[in-house]
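Notebook open. I want to go through this one piece by piece and jot down what I look up.

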Amino acid sequence: MKGFLGANVYVHGKGIVKTNIAINGNIISYIGDDNLNVQSLFPLSDTDLIVPGFIDEHIHGAMDGDCMDGNITALKTISSALAKEGTTSFLATTMTQSEDNIRNALKSVKNYIEGGFDSGARLLGVHLEGPFISLKHIGAQPEEYVKAPSTELFESFNTSCGGNIKLVTLAPEEKGADTLIKHLKANGVVVHAGHTDAKYCDIESAISIGLSGITHTFNVQKPLHHREIGTVGSALLLDDLYTEAICDTIHLSIPAIKLLIKNKPKDKVVLITDSMRAKGFKDGISELGGQTVIVKNGEARLENGALAGSVLKMNVAIKNLVEKCDVPLTDAIDFATINPATHLSISDKVGSIAVGKLADLVVLDKDFNVKLTIRDGNIVYNKKT
């Protein structure tokens, strides 16, 4: 049997404890103080910490691979890169593009999932970001491909990826959105408001029929105003809403991060990277949806200055929360693990370290560097190799 002995482990509900972990196949089979015949997977220092594998529900690319490339090679590249930052599960996130380009991307996800690849991070399915968004808050999405919300178009997309669309970002105030939201809810697809000009009344109405979250909170959405609190104010006010956050201190200032966390229940904050293909490279010229992206000082921007995703790594987002925003370590870990797992209805399998769950584990050093990533009981990244 493999596992760890005398390790510092974050066990949800108990905090950080000194304990032993045993892994049987791909499952955590034991957590406790008994002396076990366990073959240690990795030599740990006294300051190393074992945490659950991170879950990134909003990520476009890394290491020159993009989910819109429409091929398995790109998805393998992204999966491998994510394991190096401690992410063990992710949603391949598309963007507003031509219907053919979106379908090609979705077909590649279908082929990848059916291929059963077991290296790198686990591909859970798709986050369809657009094309059902608002032209008023386009961000880095090409406006010529924006579409009105359509159940028929969504179903054609979902067929292309083998029914693996798990989350959809849309503008709930757009005509046709109500019908689509109800359809998504009825079919178990998570619905977010994003790239939206939604007012409070729009968000409140959308929640009543199935909306459950806000995509990259604060960014490219109707801001808070004292006479109309908009999408941002609704995100802060309404406790039932999950709120994604890009905590690179670029998309959100440190005070904005603190404001969000202060106003939300702890179980409703979800860390995302929203990273694009330039992640993992030095500053320079990159690309997003056929648009030139300039990466400088860790900021990825279009030529018009608009932010174009990030180059953020999940372990760095957690580090930022703890060291710059005074967030307790265990809360920061929850934002990247059990919260997205619960939001995506997969917390029975992943998101925390517990007997019976998948052995998705990450070893962090005291500086939040990833030393080891384990997915399904197998090492998918080892810093020493």
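Is C161 buried or exposed? I get buried, at a relative accessible area of 0%. My cut-offs: buried is under 20% relative accessible area, exposed is over 50%, and partly exposed is in between, with a 1.4 Å probe and protein chains only.

Ground rules before I go on. This is a predicted model, so I ask for pLDDT of at least 70 for local features and 80 or more for side-chain atom pairs, while totals for chains, interfaces and linings use all residues. Residues are numbered from 1 along each chain as its sequence is written, and side-chain values use heavy atoms, with hydrogens and water left out.

**Cysteines**

I searched the whole structure for disulfides and found zero; the test is a pair of cysteine sulfur atoms within 2.5 Å. For C161, the nearest cysteine sulfur is that of C67, 12 Å away. C247 is in no disulfide either, with the sulfur of C325 nearest at 6.4 Å. I have C247 down as buried because its relative accessibility is 2%.

**Helix α4**

Helices here are DSSP runs of H or I with at least four residues, strands are runs of E with at least two, and both are numbered from the N terminus. Which residues of α4 (177–186) are buried? A177, L180, I181 and L184 are. They sit on the same side of α4, because they cover an arc of only 100° around the axis; the arc is taken from the directions from the helix axis to the C-beta atoms. An α-helix has 3.6 residues a turn, so residues three or four places apart point the same way. On the face turned away from the buried side I find the exposed residues T179 and A186.

Next I checked what the buried side packs against: α3 (151–160), β11 (165–170), β12 (190–193), α5 (200–209) and β13 (211–214). Contact means heavy atoms within 4.5 Å. Just after α4, G188 has a positive phi of about 75°.

**Helix α6**

I looked at α6 (230–237) as well, and seven of its eight residues are buried. The buried ones are G230, T231, V232, G233, S234, A235 and L236. Their cover includes α5, β13, β14 (242–246) and α7 (254–263).

**Cores**

I build a nonpolar core from buried Ala, Val, Leu, Ile, Met, Phe, Trp, Tyr and Cys residues joined through side-chain atoms within 4.5 Å. Which members of the largest core touch the most other members? Out of 50 residues, L128, F154 and I165 do. Helix α2 (99–115) supplies the largest share of this core, five residues. I listed the contacts of L128, skipping residues up to four places away in sequence: T94, I102, F154, F157, I165, L167, V168 and T169. Another core lies apart from the largest one, with 35 residues, including L49, F54, I246 and V362.

**Cavity**

How many cavities of 30 Å³ or more does the structure hold? I count one. The largest cavity has about 40 Å³ of space, and its lining is P52, G53, T88, V350, G351, S352, L358 and D360. For the record, a cavity is a set of points on a 1 Å grid over the protein atoms alone where a 1.4 Å probe fits but cannot get out, and lining residues have an atom within 4 Å of a point. Points are joined across faces, edges and corners, and the volume is the space filled by probe spheres set on them.

**Single residues**

P142 is in the loop between β10 (122–129) and α3. I count P142 as buried because its relative accessible area is 6%. Leaving aside neighbours within four places in sequence, P142 is in contact with M95, T96, Q97, G289 and Q291.

Y145 is in the loop between β10 and α3 too, but counts as partly exposed at 28% relative accessibility.

T87 belongs to strand β9 (87–93) and is buried at 0% relative accessibility. Beyond its neighbours within four places in sequence, T87 is in contact with F54, D56, L82, A121 and M314.

Last stop, V322 in helix α8 (314–325). At 23% relative accessibility, V322 is partly exposed. Not counting residues up to four places away in sequence, V322 touches V327, L329, A332 and F368.

Key
1 Å grid on protein atoms, 1.4 Å probe; cavity = no way out; pocket = protein on both sides within 12 Å on 5 of 7 lines; lining within 4 Å.
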